[in-house]
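Please read it with the model open beside you.

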Amino acid sequence: MPTYLSDTDLAARFGIVRQTIWRWVAEGRFPKPIKLSTGCTRWRREDVEAWEASRLEAA
C-alpha cells in the first residue's frame with residue numbers, strides 16, 4: 001500500500017515553506033500530487049523519493 005505525504009510533510013522534509021512545493025509543481029519541477037478526496041491532496045512517497053534520487057544523480 002502506498003504511503004502519502006502532505007505539502008506540510010514535504011515542506012518539513014526539505015526545509016522550505018508549503019508554497020514552494022506548489023510553485024515547483026506549477027513549474028513542472030516536482031511530481032504532480034494526487035487528489036485523494038475533496039480537500040485532500042497528497043504525493044506518493046515513491047514519487048518523491050524517485051524525484052530526490054534523480055536530483056542527486058544530476059548533482
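1. Terms first. Contact means heavy atoms within 4.5 Å. Helices (H or I, at least four residues) and strands (E, at least two) are DSSP runs, numbered from the N terminus.

2. Ground rules. This is a predicted model, where local features need pLDDT of at least 70, side-chain atom pairs count only at pLDDT 80 or more, and totals for chains, interfaces and linings use all residues. Residues are numbered from 1 along each chain as its sequence is written, and side-chain values use heavy atoms, with hydrogens and water left out.

3. Start with α1 and α3. Helix α1 spans residues 7–14 and helix α3 spans residues 45–58. They pack at an angle of about 30°, and their axes are 13 Å apart. Axes are lines fitted to C-alpha atoms, for helices over the stretch in contact; angles run from 0 to 180 degrees between N-to-C directions. α1 and α3 are therefore roughly parallel to each other. (Under 35 degrees counts as roughly parallel, over 145 as roughly antiparallel, 65 to 115 as roughly perpendicular and the rest as oblique.)

4. Which residues in α1 and α3 meet? From α1 come L10, R13 and F14; from α3 come R45, V48, E49, W51 and E52. By class, this contact of α1 with α3 has 4 nonpolar, no polar and 4 charged residues. (Ala, Val, Leu, Ile, Met, Phe, Trp, Tyr, Cys and Pro count as nonpolar; Asp, Glu, Lys and Arg as charged; the others, Gly among them, as polar.)

5. Now the rings. The whole structure holds 8 aromatic pairs. (Rings of Phe, Tyr and Trp, its six-membered ring, pair if their centres lie within 6.5 Å; planes under 30 degrees apart count as stacked, over 60 as edge-to-face and the rest as tilted.) The ring centres of F14 and W51 are 5.6 Å apart with planes at 70°, so this pair is edge-to-face. F14 sits in helix α1 and W51 in helix α3, so the pair ties together parts 37 residues apart in sequence.

6. α1 also meets helix α2 (residues 18–26). The angle here is about 100°, with the axes 8 Å apart. That makes α1 roughly perpendicular to α2. D7, T8, L10, A11 and F14 in α1 touch R18, I21 and W22 in α2. The residues of this contact divide into 5 nonpolar, 1 polar and 2 charged.

7. Last, the sheet. It is open, has 3 strands in the order β1-β3-β2, and its pairing is antiparallel. (Two strands pair if DSSP finds at least two bridges between them.) β1 (4–5) and β2 (34–37) are at the edges with a single partner strand each, so one side of each lacks a neighbour in the sheet.

8. Strand β3 (residues 40–44) joins β2 through 3 bridges. I34 stands opposite R42, and S37 has C40 as its bridge partner. β2 and β3 form a hairpin with 2 residues between them, and G39 in the turn has a positive phi of about 75°. β1 and β3 pair over 2 bridges, with Y4 partnered by R44.
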